[in-house]
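Q: Could you take a close look at one helix and what packs around it, and then at the aromatic pairs? I would like the cut-offs spelled out as you go.

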Amino acid sequence: MSSSSPTRVLVLNSGSSSLKYQLLDMRDSSRLAVGLVERIGEQTSRLKHTHVAADDTRERHGPIADHEAALKAVAEELARDGLGLDSPELAAIGHRVVHGGMFFTEPTLIDDSVLTEVERLVPVAPLHNPANLTGIRTAQGLRPDLPQVAVFDTAFHTTMPESAARYAIDPKIADRHRIRRYGFHGTSHAYVSRETARLLGKDPADVNVVVLHLGNGASASAVRGGRCVDTSMGLTPLEGLVMGTRSGDLDPAVIFHLERVGGMSTDEIDTLLNKRSGLFGLCGDNDMREIRRRVDEGDEQAQLAFDIYIHRLKKYIGAYYAVLGRVDAVAFTAGVGENAAPVREAAVAGLEGLGLAVDAGLNAVRGDGPRLISPADARVKVAVVPTDEELEIATQTYALVEKNSR
């Protein structure tokens, strides 16, 4: 694009009853506005909007009927700050789409064929893709002339070899029903693996990283030379690490047992494993801060939940060390990974033989930027690298629009 071309990108992350957004200027990757609309479709809807440059935060309360009304309300707030959707400086709208299957391996300009394929993937992402589609169609209605780009959570993981992506079931059945390991949190894993290499002063192509995205949802990835070779989530975000409300890895026969012996329906089991398991199922809390408070007070149930969480995490670190063969760094990111020092300490405790350790003093320091928390002479660096999925989506969106304008 020329120097006079538009440089702003609006990033939209549409959930089933929420809409997160950020407006960025890609000349310097600065945030112009950020916000959240929550409880869409309820009488108690809320819009929280921040005009970053002015350090001004405003809230609206009251019913917002649907995503179209939510995006119109967002547009009004942006317009109040002189940042409206009709601005000639807006280059594109980037949309987070959770599931792109194997078809979408990179950011994609949205057209009817893209929407059709995203819709076909709804059965493997029933909670996410419908909301993503709603956000896209709403934005298209408001700015049909503007490039709209889909950035897929699964795209970063499409580089996994078949040996990592395939389940050991009949390939004909698997292919017919699109059953394979897709992985999620891809924009975070891509961003954090690249930033970890930068922190080490190396080219991403020369670095092997284990990325641990630990939030309410949690996933691990093994990244070799900037390419994902394995990740913990699978067909859906249920597989892998212990999470806030999801069980993670589970013997599949547990499901048959709950149905045959427990008399539970498929929907009841789905709810149990996705919404009433993980840390919440183990101790009644899915907030790591509260769990650690309870642990410090001697709560045995909270201690057990924490131990199970750490045990699973440690297993994945070891497994991905084996997959990669050589590990240059282990990077912690997302809400728990960035803020819970006890989790980081416990996750690498006992792994000194693999070259992993944390410096207690460095680990205890809170900070906003990427930082190393391992001893200076550690063979494998341990890092805290704040994720920035919105910036990653904006960067990929702008790069695609810029490329297509040449």
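A: Happy to. Let's begin with what covers helix H6: the cover of its buried residues includes strand S8 (148–152), strand S9 (208–214), strand S10 (218–224), strand S12 (329–333) and helix H15 (389–404). This is a predicted model, in which local features need pLDDT of at least 70 and side-chain atom pairs count only at pLDDT 80 or more, while totals for chains, interfaces and linings use all residues. Residues are numbered from 1 along each chain as its sequence is written, and side-chain values use heavy atoms, leaving out hydrogens and water. Helices (H or I, at least four residues) and strands (E, at least two) are DSSP runs, numbered from the N terminus.

H6 itself covers residues 186–199, and its 14 residues reach 20 Å from first C-alpha to last, close to the 20 Å expected; that expected span is 1.5 Å times one less than the number of residues. Eleven of the 14 residues are buried, where buried means under 20% relative accessible area, exposed over 50% and partly exposed in between (1.4 Å probe, protein chains only). Among them are His189, Tyr191 and Glu195. Just after H6, Gly201 takes a positive phi of about 75°.

His185 counts as buried because its relative accessibility is 11%. Its side chain makes a polar contact with that of Ser219 at 2.7 Å; such a contact is a pair of N or O atoms within 3.5 Å, and within protein one must be able to donate a hydrogen and the other to accept it, with residues adjacent in sequence counting only if both atoms are side-chain atoms. Leaving aside neighbours within four places in sequence, the contacts of His185 (heavy atoms within 4.5 Å) include Asp153, His157 and His213.

Now the aromatic pairs. Rings of Phe, Tyr and Trp (its six-membered ring) pair if their centres lie within 6.5 Å; planes under 30 degrees apart count as stacked, over 60 as edge-to-face and the rest as tilted. By this rule there are three aromatic pairs. Phe104 and Phe152 are stacked, at 4.4 Å centre to centre with 5° between the planes. This pair links distant parts of the chain, 48 residues apart: Phe104 lies in the loop between strand S6 (90–97) and strand S7 (108–109), and Phe152 in strand S8. Phe104 is buried at 3% relative accessible area, and Phe152 is buried at 2%. Ring pairs also join Phe103, Phe104 and Phe152 into a cluster.
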